[in-house]
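Look over the fold before reading the points below.

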Amino acid sequence: MQIDFKSRELTVKLVYYGPALSGKTTNLQAIHSLVSPETTGRLMTLETRDDRTLFFDLLPLTFDVGAGIQVRFKLFTVPGQVIHNATRRLVLQGADGTAFIADSQISETRSNQQAFLNMQENLRENGIDPATHPIVIQFNKRDLPGVRTDEELERMAKKGREPVFKAIATRGTGVIETFLGLTERTWHQLEERHQLHEKFGLDPEVFLRGVRSRLGIPEAAA
Ligand SMILES: Nc1nc2c(ncn2[C@@H]2O[C@H](COP(=O)(O)OP(=O)(O)OP(=O)(O)O)[C@@H](O)[C@H]2O)c(=O)[nH]1
Ligand SMILES: [Mg+2]
């Protein structure tokens, strides 16, 4: 996290990680189209060929939380193709939280697992402990045939530490929920590390409620 005391601006870095073609770029596109223009900035998609990210995408979201404080989220995607590992490691530098976008198709099980291990390794390479790093998992492409069942995902969610979300990113389904889940996890860790409540008067619960309402998610559904 970057803290600028003078301009009272906090910048949080969130990274969308996962195997090639799992829908990381599509998540950012969906957020960009669902969130109001006063919150979201321009989606920068850098260098793509045939739908494949070659470098990264970046979407900024800004929340004016009153008292002259601005919280900026920078959402990055990594390129999923195996050959782009150096770029993935670079993009992960300084990440405050990571959304792992898995492909729900059973045929993609192995590449999901490989990408997850690769994420843990690259976190460690950046001096980030994967055991305490805020991570959420999204199983995307729920609309396709040959996907893992809901029951299977529930079992996995119970076994693992990370919250699991289901999505159809091409329809925008589950995308905001994933972002909110990641934001909540990340914010709680940032609060512990930086005492934002004490230093900026930013009550975590009030802040997160504000983010939810700005994204049109009612309290009960969060
Ligand atoms: N059917 C279906 N297709 C999806 C879904 N989400 C993404 N796709 C498609 O999957 C393809 C890859 O999506 P991207 O978002 O570019 O994947 P990516 O993870 O950014 O891929 P890399 O940049 O190569 O790592 C595109 O053709 C998307 O339209 C989904 O929920 N359902
Ligand atoms: Mg991409």
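The notes below cover overall fold, strand pairing, helix packing and the ligand shell.

This is a predicted model: local features need pLDDT of at least 70, side-chain atom pairs count only at pLDDT 80 or more, and totals for chains, interfaces and linings use all residues. Residues are numbered from 1 along each chain as its sequence is written, while chains are lettered from A and ligands numbered from 1 in the order in which they are written.

**Overall fold**
- The protein chain has seven helices and ten strands (DSSP runs numbered from the N terminus; helices are H or I with at least four residues, strands E with at least two).
- Its C-alpha atoms fill a box of roughly 50 × 40 × 35 Å along the principal axes.
- The radius of gyration is 17 Å, which agrees with the value near 17 Å for a compact globule of 222 residues (taken over C-alpha atoms; the rule is 2.2 Å times the number of residues to the power 0.38).

**Strand pairing**
- β2 (residues 9–17) pairs with β7 (residues 70–77) in the parallel sense, over eight bridges (pairing requires at least two DSSP bridges between the strands).
- In β7, phenylalanine 76 stands opposite valine 15.
- β6 (residues 57–64) pairs with β7 in the antiparallel sense, also over eight bridges.
- Lysine 74 in β7 stands opposite proline 60.
- Five residues separate β6 and β7 in a hairpin, and glycine 66 in the turn has a positive phi of about 85°.

**Helix packing**
- α1 and α5 (residues 175–194) pack at about 100°, with axes 9 Å apart (axes are lines fitted to C-alpha atoms over the stretch in contact; angles run from 0 to 180 degrees between N-to-C directions).
- α1 is therefore roughly perpendicular to α5 (65 to 115 degrees counts as such).
- Asn27, Ala30, Ile31 and Leu34 in α1 meet Val175, Ile176 and Phe179 in α5 (contact means C-beta atoms, placed from the backbone, within 7 Å).
- This contact has six nonpolar, one polar and no charged residues (Ala, Val, Leu, Ile, Met, Phe, Trp, Tyr, Cys and Pro are nonpolar; Asp, Glu, Lys and Arg charged; the others, Gly among them, polar).

**Ligand shell**
- Of the 22 residues around ligand 1, Gly23, Thr25, Thr26, Thr53 and Gly80 come nearest (a residue counts if its C-beta atom, placed from the backbone, lies within 6 Å).
- α1 (24–34) and β5 (52–53) are the elements giving two or more residues to the shell.
- α1 gives the largest share, three residues.
- By class, the shell has six nonpolar, eleven polar and five charged residues.

How values were computed
Parallel < 35°, antiparallel > 145°, perpendicular 65-115°, else oblique. Contact = placed C-beta atoms within 7 Å.
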